[in-house]
Amino acid sequence: MEEEKLVYFPEIKDVQVAADTIKNVSAVTPLQASLRYSNDYQSNILLKREDLQQVRSYKIRGAYNKISSLTPEESKNGVVCASAGNHAQGFAFACNHLKIQGVVYMPSVTPMQKVEQTKMFGGDYITVVLEGDTFDDAYHLAINACEKQHKTFIHPFDDKKVIEGQATIGLEILDQAQEPIDYVFVAVGGGGLAAGLSAVFNALSPDTKIIGVEPEGAPSMLTSIRNDKNTELDYIEKFIDGAAVKRVGDLTFPICKQYLHDMITVPEGKVCQTILDLYNKDAIVVEPAGALSISALDFYAEKIKGKNVVCVVSGSNNDITRTPEIKERALLYANLKHYFIIKFPQRAGALREFVVDILGPNDDITYFQYAKKTNRENGSAVVGIQLKSTSDLDPLITKMKQRNFFGDYLNDKPDLFQFLV
């Protein structure tokens, strides 16, 4: 019982104070109806467009609320944060606006677009340090710097003031919605947004089901809930950088465990297809974490029919240089991109035979890496083929084998795939 008293749950009065604190810097973002998704899922799908914040994500809410709460002495000593990008931009904006010196530790793999945006929002009040491979690496470096320099650490998610700041999204959604909301889908990284949002709905709209959504390759909250304790993952897939953490917050975990109605994961390739669809069909630019909530709709298609559904579009800080990888992952997930080791006979016309007699009329070679071996009979190549339809795969493999071109199929061999492709 004693341990239960230590668990923090946000209170509506504190969230309302946060809303008043941030009202001059955080936009009241639109709750926008999506005709396309509503038609696709036979539901009323609404998008909470946090990608339209000035810093292009919801992170301004929590960062500003926290930094505004510092004492004069803490403000004078300066602040530090660790971030994969979005928290850094909200932090930088807050530092500049409040005239407080801040240092941002970011993983070295952070897209440069996010680094440059952070510097732009922070101006003369921000220093950026790129260190480590993951958020967790940057986090430990930032904590060490705080201890040595007596600065205040501004956590991206595991802080009461940050959680209360993110929770203001919940107040806005309930104020903007014209009908009772049946479902809210929200991305989960460290859990700050999901914790704050779910606490607000639990208090003000308890019949609304809050569904947390994580990347399949970084299921830290789902794993923790299943284990009934906050569990650090040994390895995570870093592609959805805005929602890829090895360990969720010690404050956010019990809140999410208590208030989330379900916690699901979505494959990274599915998220990539959502990014492309939003751009091509709706002219909406989102980052991978920003597409998580919408990507989850397929997995809830039957349950949400005829319901009022909100998807929180958490951010739009996408780096255009990632587009080829996004397209590739989407095609792999859709089972339309396939990689093979092809054995080419060492004779004239072998490549032409492969293209004319084996490839289908709609098949397209998108990758070709040839290495001539000492074997006199065969030379091998790694070949990537894009199909028009998933039904074209089996006939393609059959023809390869009949004509002795087939060497190996690489899509289901991740270690070999990474090494060769």
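Reader: How do you know that strand β3 and strand β4 pair?

Author: This is a predicted model. Four bridges join β3 (residues 79-82) to β4 (residues 102-106). Two strands pair if there are at least two bridges between them, so β3 and β4 qualify. They run parallel.

Reader: Which residues in β4 are the bridge partners of V80 and C81?

Author: V80 has V103 as its bridge partner. C81 has V104.

Reader: What makes β3 and β6 a pair?

Author: Two bridges join them. The requirement is at least two, so β3 and β6 count as paired. This pair also runs parallel. In β6, T152 is the bridge partner of V79.

Reader: Why are β5 and β6 called edge strands?

Author: Look at the order of the open sheet: β5-β4-β3-β6. β5 (126-130) and β6 (152-153) each have a single partner strand, so one side of each lacks a neighbour in the sheet.

Reader: Which way do the side chains of β3 point?

Author: V79 and C81 point one way, V80 and A82 the other. All four are buried. In a regular strand, side chains alternate between the two faces of the sheet.

Reader: Which helices lie on these strands?

Author: Helix α7 (residues 112-122) lies across β4 and β5, at about 160 degrees to β5. Helix α8 (residues 135-149) packs on the sheet and touches β3, β4 and β6. The direction of α8 makes about 165 degrees with that of β3.

Reader: Why is Q89 called buried?

Author: Q89 has 0% relative accessibility. Buried means under 20%, so Q89 counts as buried. Q89 is found in helix α6 (residues 86-98). Leaving out residues up to four places away in sequence, Q89 touches V55, K114, Q117, T118, F121 and N317.

Reader: How many aromatic pairs does the structure hold?

Author: There are 15. One of them is formed by Y339 and Y367.

Reader: Why is the pair of Y339 and Y367 called edge-to-face?

Author: The ring centres are 5.7 Å apart, and rings pair if their centres lie within 6.5 Å. The planes stand at 70 degrees. Y339 lies in strand β11 (residues 337-345) and Y367 in strand β12 (residues 364-371), so the pair ties together parts 28 residues apart in sequence.

Reader: What makes the pair of F354 and F405 tilted?

Author: Their planes are at 40 degrees. Stacked needs under 30 and edge-to-face needs over 60, so this pair is tilted. The centres lie 5.8 Å apart. F354 is in helix α16 (residues 350-358), and F405 is in the loop between α17 (393-402) and β14 (406-409). The two residues are 51 residues apart. F354 is buried at 0% relative accessibility, and F405 is buried at 0% too. Ring pairs link F344, F354, F368, Y370 and F405 into a cluster.

Reader: How do you know that the charged end of K401 sits over the ring of F406?

Author: The distance to the ring centre is 5.0 Å. The limit is within 6 Å, and within 35 degrees of the ring normal. K401 is listed as sitting over F406 on that rule. K303 likewise lies over the face of Y300, at 4.7 Å from the ring centre.

Key:
Residues are numbered from 1 along each chain as its sequence is written. This is a predicted model: local features need pLDDT of at least 70, side-chain atom pairs count only at pLDDT 80 or more; totals for chains, interfaces and linings use all residues. Side-chain values use heavy atoms; hydrogens and water are left out. Buried means under 20% relative accessible area, exposed over 50%, partly exposed in between (1.4 Å probe, protein chains only). Contact means heavy atoms within 4.5 Å. Axes are lines fitted to C-alpha atoms, for helices over the stretch in contact, and angles run from 0 to 180 degrees between N-to-C directions. Rings of Phe, Tyr and Trp (its six-membered ring) pair if their centres lie within 6.5 Å; planes under 30 degrees apart count as stacked, over 60 as edge-to-face and the rest as tilted.
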